[in-house]
Amino acid sequence: MKLVACPVALHPDGAPRRLAIATHPQPALVHADIAPDARPENTAAQALYAIGGLETRAALLLGTSDDIIAGERWHFALCRTVPPVRAQWQNAGPDGTLLRFGWLALDDPLPDGLTAPHDRAIDWIKAAL
């Protein structure tokens, strides 16, 4: 089974609950494969920085799900980001692709173009929080 880490980076002001999410080239959650012997929360924090450009002060494992993508176990880690944070920002991912990010209010409708696995992951996050 493939192991995946997904950082749950909430906006530091806390109200309303807003989750960091890629907005371009398509809406998506940051996630990364977990290397053998790596801790899921460390992988999540590293992915949040490498892909999303957000620094994590602390990461805490929220739980796991085998229901996001068949054959994968997703580990969700609550990542406390280092303020200040912008409303929108850009970051070059590990492959050099320029990604745009913003904050998704968890009580708002999900953005158009979000794939089914990311929709299921956000549902899991909402239920866990």
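Me: Hi! Is cysteine 6 buried or exposed?
Reply: Hello! In this predicted model, cysteine 6 counts as buried, because its relative accessibility is 0%.

Me: And what about cysteine 79, buried or exposed?
Reply: Cysteine 79 is buried too, with a relative accessible area of 2%.

Me: How many disulfides are there in the whole structure?
Reply: A search of the whole structure turns up zero.

Me: OK, new topic. How many salt bridges does the structure hold?
Reply: There are six. One of them joins arginine 18 to aspartate 13, with the closest N and O atoms 2.6 Å apart. Aspartate 13 counts as partly exposed, at 47% relative accessibility.

Me: Which side chain does aspartate 107 meet in a salt bridge?
Reply: Its partner is arginine 17, at 3.8 Å from N to O. Aspartate 107 lies in the loop between strand E7 and helix H2, and arginine 17 in the loop between strand E1 and strand E2, so the pair ties together parts 90 residues apart in sequence.

Me: How exposed is aspartate 107?
Reply: Aspartate 107 counts as exposed, at 63% relative accessibility, while arginine 17 is partly exposed at 30%.

Me: What does arginine 39 pair with?
Reply: Arginine 39 forms a salt bridge with glutamate 41, at 2.4 Å from N to O. Glutamate 41 counts as buried, at 11% relative accessibility.

Me: Which residues are linked in a network of salt bridges?
Reply: Those are Lys2, Asp33 and Glu72.

Notes: Residues are numbered from 1 along each chain as its sequence is written. This is a predicted model: local features need pLDDT of at least 70, side-chain atom pairs count only at pLDDT 80 or more; totals for chains, interfaces and linings use all residues. Side-chain values use heavy atoms; hydrogens and water are left out. A disulfide is a pair of cysteine sulfur atoms within 2.5 Å. Buried means under 20% relative accessible area, exposed over 50%, partly exposed in between (1.4 Å probe, protein chains only). A salt bridge is a side-chain nitrogen of Lys or Arg within 4 Å of a carboxyl oxygen of Asp or Glu. Helices (H or I, at least four residues) and strands (E, at least two) are DSSP runs, numbered from the N terminus.
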